[in-house]
Amino acid sequence: MREWIDRADGPSPAATRSTQPTGDPLFASPPYQLDRSRQVAERPLLVLFEGSDCIPCADFHSEVLSEPAIRAALGSFELVRLDAGDDSSRLVTPDGSAVTAAAWHRALGFSRLPAIAVFDEQGRAVVQTDALVLRGRFTNLLNYVRDRVYLRGWSYQRYARSESIRRIGERRTGTGEP
């Protein structure tokens with residue numbers, strides 16, 4: 001039974017090979033120095049944890065990250081891809097800790113792949129998820145961080161719900177895009 005659930009949820013990091021995912025020019029190259037505890041960064045940081053044998057990760061790239069509007073929105077972020085199974089290469093996290101990608105993935109409480117963690121310019125965690133993220137949800141996540149909605153005290157869920165209500169209202173009044 002657990003094997004069926006794992007397949008439905010996507011692979012756990014332990015089930016993936018420990019190799020760096022394939023390249024994409026949007027993402028920074030190692031070595032990763034993500035420390036924001038000593039100096040504020042220019043842009044928020046989006047960390048994508050993946051695994052080389054991760055089918056949901058490949059789907060995320062082909063169905064979400066390939067969208068031109070999303071790729072344009074990602075220009076507002078510093079982007080890093082990490083292999084959640086890599087327990088040998090060290091990196092410095094936004095709070096200044098030195099860890100491996102696998103240890104950081106575990107410390108953030110993730111259990112599935114792909115997993116996303118977003119930090120503000122000061123290195124504070126803003127939002128993280130390892131749930132299924134499709135285009136609409138990912139767009140909301142990017143806008144939530146880019147527009148600093150969290151500084152108003154709103155949760156991501158409140159923001160996503162208000163955006164959904166806004167879009168429905170625009171469709172009904174004919175002021176929004178179809």
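**Note on a predicted single-chain model**

1. The chain has six helices and six strands. The model is a predicted one. Read from the N terminus, the order of elements is α-β-α-α-β-β-β-α-β-β-α-α.

2. Some totals for the whole chain come next. The chain counts 178 residues, and 43% of them are buried. Take the contacts between residues at least 6 apart in sequence: 62% of them join residues at least 24 apart.

3. Now the sheet. Four strands form an open sheet in the order β2-β1-β5-β6, and the pairing is mixed. The edges are β2 (78–83) and β6 (125–129); each has a single partner strand, so one side of each has no neighbour in the sheet. On average, neighbouring strands here are turned by 15 degrees against each other, with direction ignored.

4. Strand β1, residues 45–50, pairs with strand β5, residues 115–119, in the antiparallel sense, and five bridges join the two. Which residue of β5 is the bridge partner of Phe49? The partner is Ala115.

5. Helix α5, made of residues 135–146, lies across β1, β5 and β6. Relative to β6, helix α5 runs at about 170 degrees. As noted above, β6 is one of the edge strands.

6. Next, helix α6. This helix covers residues 156–173, which is 18 residues. From its first C-alpha to its last, α6 reaches 26 Å, close to the 26 Å expected at 1.5 Å a residue.

7. Which residues of α6 are buried? They are Tyr156, Tyr159, Ala160 and Glu163. These residues lie on the same side of α6, because the arc they cover around the axis is only 95 degrees. What do the buried residues of α6 pack against? They pack against β6 and α5.

8. The other face of α6 should be read together with point 7. Turned away from the buried side, this face carries the exposed residues Gln157, Arg161, Ile165, Arg172 and Thr173. Buried here stands for under 20% relative accessible area, and exposed for over 50%.

9. Last, the residue after the helix. Gly174 follows α6, and the phi of Gly174 is positive, near 80 degrees.

Methods:
Residues are numbered from 1 along each chain as its sequence is written. This is a predicted model: local features need pLDDT of at least 70, side-chain atom pairs count only at pLDDT 80 or more; totals for chains, interfaces and linings use all residues. Side-chain values use heavy atoms; hydrogens and water are left out. Two strands pair if DSSP finds at least two bridges between them. Axes are lines fitted to C-alpha atoms, for helices over the stretch in contact, and angles run from 0 to 180 degrees between N-to-C directions. Contact means heavy atoms within 4.5 Å. Buried means under 20% relative accessible area, exposed over 50%, partly exposed in between (1.4 Å probe, protein chains only). The expected span of a helix is 1.5 Å times one less than its number of residues. The arc is that of the directions from the helix axis to the C-beta atoms.
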